[in-house]
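Subject: Structure handover

Hello,

Please find the structure below. My notes on it come after.

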Amino acid sequence: MTEQILLEVQEVSRSFGKFQALSNVSLKIQPGQLCALIGPNGAGKTTFYNVVSGRYRPTSGRVFFEGRDITRAPAHRLVGMGLLRSFQITNIFPALTVLENVLVPLVVHHGSSFSCLGAIEKRRNLAEEAEQILSRVGLTGQSHRVVSTLAYGDKRLIEIAIVLARRPRLVLLDEPTAGMNPEETDRMIRLIKDLSERSDTTFFITEHDMKVVFSVAEKIFVLNQGGLLAEGSPEEIRANPHVKRAYLGGSLDAAGL
Amino acid sequence: MNSLLRGHVLPASLILLALMAAPLFLSMYGVIVLTEILTMSLFALSFNLLFGYTGLLSFGQAGFFGAGSYFAVLTLIHGPDSLWAAMAAAFIGSAVLAVVIGWFCVRLDEIYFAILTLGFGMMLFTIAHNWRSVTGGSDGLGNFTLPELNLFGWGVNLFNPINFYFLVLLITALGALLLFRVVNSPFGLLLRGTRENSLRVSFVGANVRAVRLFAFILAGALAGLAGALFAFFNRIASPEMLHWSFSGKAVLMTILGGSGVYLGPAVGAAIFFVLEHVITAYTTNWMIFLGGILVVLVLAFPKGVLGSLLGLLTRRWKGPKP
Amino acid sequence: MEGFLANLLNGLSWGMLLFLISIGLTTIFGVMGVLNFAHGSLFMLGAYLCMQFVRWVGSFWIGLLLGPPIVAVLSILLERFLLRPLYSRDVSFQLLLTFGVMLFLDDGVRLIWGAAYHVVNPPQILAGVIQLFSQSYPVYRLFLVILGPLVGIALWAFFSFTRWGKILRAAAMDRQMAEIVGVRVPMMYTAVFGFGAWLAALGGALAAPHQSVGPAMGERIIIESFIVVVIGGMGSFPGAFAGALILGMLNSFGTTFLPDVQMALPYILLAVILLTRPRGLFGGEA
């Protein structure tokens, strides 16, 4: 019996014209293991997420999710299998209310996408479920506010709530704390840790804030110039001379790590 | 929010009652104008399912409207002499057409969608214009008589404008009710989600193309039904009804009334006709006014007349938002 | 054979006019992201102004020289005061605005010059017919056919060798690129809009002696030029050229060989191209 694998990426490459954004990246993620993907700007982190989540197709290589080949599957199908993601730039429904933002994924989740005659207000169970999810991310009592009027940190939480509504198996979080103040960042870190421990959802985050990465991640992958430079526990990565010398340089020390 | 439906029942009943009572107070001419307004309201409402709710600006909606009128008239000429059959043919025929055309159009969005719908609408126009043996060419199809409407065994004579008015009111009200239920349903929420952020919708697992296509088909079918009424009303199906300038009318009515309010397009249709009658009484250059009005609306009142009024009223009642 | 030549020349002359209007349309779309519904009306306005100058001073050349700049100035005002406030809003509203402007201009022309069609005589030197392979052919049409490639070469040189041309081309393909190289975007928008309008009006002025001048001429050409830019690939210059030629040929040969379906041919082509290449012949991958 080999180890259980949730996500397996096999020698994935992706190029845009002449530019090679990813070259031969392979990695495996086990269920329940909170992983992080780090690397300097332009290392290919977002491209990697776009390939895994079905937004782009890889130029070569294959991607498996729970043993199934998902290399050429469209994004909406991957979501149906339990692979969700957030975006670096908050990606929600600005003119809808907080509740409606969570109802959209719930409608899809319960297979009601094309039920078009009953009023959505009458789906009490959906609304209750949405409220539960909102309270899980710490957004209670704001259900009827229009999302565009919320504070930035709350908007990012909405995106987490949207993702959770699909009861994901694996969630890719693209820089979940980007643009947040320290207080909001703390809140987000605690939330991710908490969700990772208490639910059977696995989180895979990218982050440029090293403090965040080393405080939450159980395993770290380092991407540099489109290739995988190193992988291992936070201690191993911190001690890895390649990582240290090659490009993180003094920033690890500067961050007091 | 939970009272959304209940909150609409009262105003909707009042509007319906007023419309049912209207023939008592209006001259025959007024009834005829109101009939046309109602027909165009259904057309504009169908357009707004795409524009206001799904965020897709169609410039080819007249293609389905006109196709519906031809389907209806062709049924009366070659098929059963029944208005119900003619309307069903218009509804179903336009829906089938929308499946085919929508399959192309929903693959692209924004500007591309506008051009594609324009192009396909004009394709239908040229078919109606050139396929003389079937469509009568540029003369259109006018050589049919309006049969009596079979209402549970009763024959209703539609040459009486008031009877015809009630038929149009019935169909428009049913169409409007159907659309209202759709936009407030789970599917309707998905439509608004698609309008706001189609990327997010596909990343919560919905097939955005399928969602858009379904809206496109429904909008096409209802536009076709409106077209059937229009053909009965004018006793003719003619190519101009498929022309893109006719699609422009639905766009204008919707912007006039407001795309963000459910009944906005219907109110827009009424304003459109009133304006047209008032202005054409003074000058034949009504389009110059219409163009000017559209420019002013887009720049200063993008919510349209009804949207702006409602916005003003809610601000009065609830006070400014914090 | 003679029929073929006549068709070829007709197709080329119409294609050349389509090219002039489409190049502006595609540049404006590429750089500004705006689909200008009023572009056909600017073409029409060019034709009417040319006609008016012919009436006033009796010279087609004066009309050709002075008409288009007037249209360009008008369009610059339009961009500056009507379109600019809308850049932050949904693209649909920009399209709706230009739709309103189109209705306004088309009817405005009717108000000023009446609904009738007008004929503009070609200048003396280009009047009359010429015998080509035992067929008579209008000299003016031949002039358009020869002018087409010349204008094409001039534009190509402008876009390839001048600084502004290079910036525009880069911006049409990738808007952010222009910002990176430090172009003042609002000024570029105004310039692009004015330039596109000038080209459209130039096409209109050239069209005046070629077809009759009437209030519907804008509407006819705008639809065809939409098709040109979509099948060519929006924002692509070679695409506009190829698309204009294809549509011009489809028009002339279609009329001769498939008169019944000729009107539908452009739309069928549109559907076929979009099925096989959703972003057009010269557009990027979808």
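This is a predicted model: local features need pLDDT of at least 70, side-chain atom pairs count only at pLDDT 80 or more; totals for chains, interfaces and linings use all residues.

Residues are numbered from 1 along each chain as its sequence is written, and chains are lettered from A, ligands numbered from 1, in the order in which they are written.

Chain A divides into domain 1 (1-82 + 167-257) and domain 2 (91-166); the bounds come from an automatic or database domain assignment. Their centres, taken over C-alpha atoms, are 26 Å apart. Eleven residues of domain 1 and nine of domain 2 make the contact (C-beta atoms, placed from the backbone, within 7 Å). On the domain 1 side, helix α6 (residues 182-198) of chain A gives the most, four residues (helices are DSSP runs of H or I, at least four residues, numbered from the N terminus).

Between chains, 31 residues of chain A meet 28 residues of chain B. On the chain A side, α3(A) has the largest share, six residues.

In chain C, helix α3 (residues 60-83) has 24 residues and should span 34 Å at 1.5 Å a residue; its end C-alpha atoms are 32 Å apart, which agrees. The expected span is 1.5 Å times one less than the number of residues. Buried residues of α3(C) include F60(C), L64(C) and P68(C) (20 or more other C-beta atoms within 10 Å of the residue's own, placed from the backbone). Their cover includes α2 (39-57), α4 (91-113) and α8 (185-207) of chain C.

Regards

Key. Helices (H or I, at least four residues) and strands (E, at least two) are DSSP runs, numbered from the N terminus. A residue is buried if 20 or more other C-beta atoms lie within 10 Å of its own, exposed if 12 or fewer, and partly exposed in between; C-beta atoms are placed from the backbone. Two residues are in contact if their C-beta atoms, placed from the backbone, lie within 7 Å.
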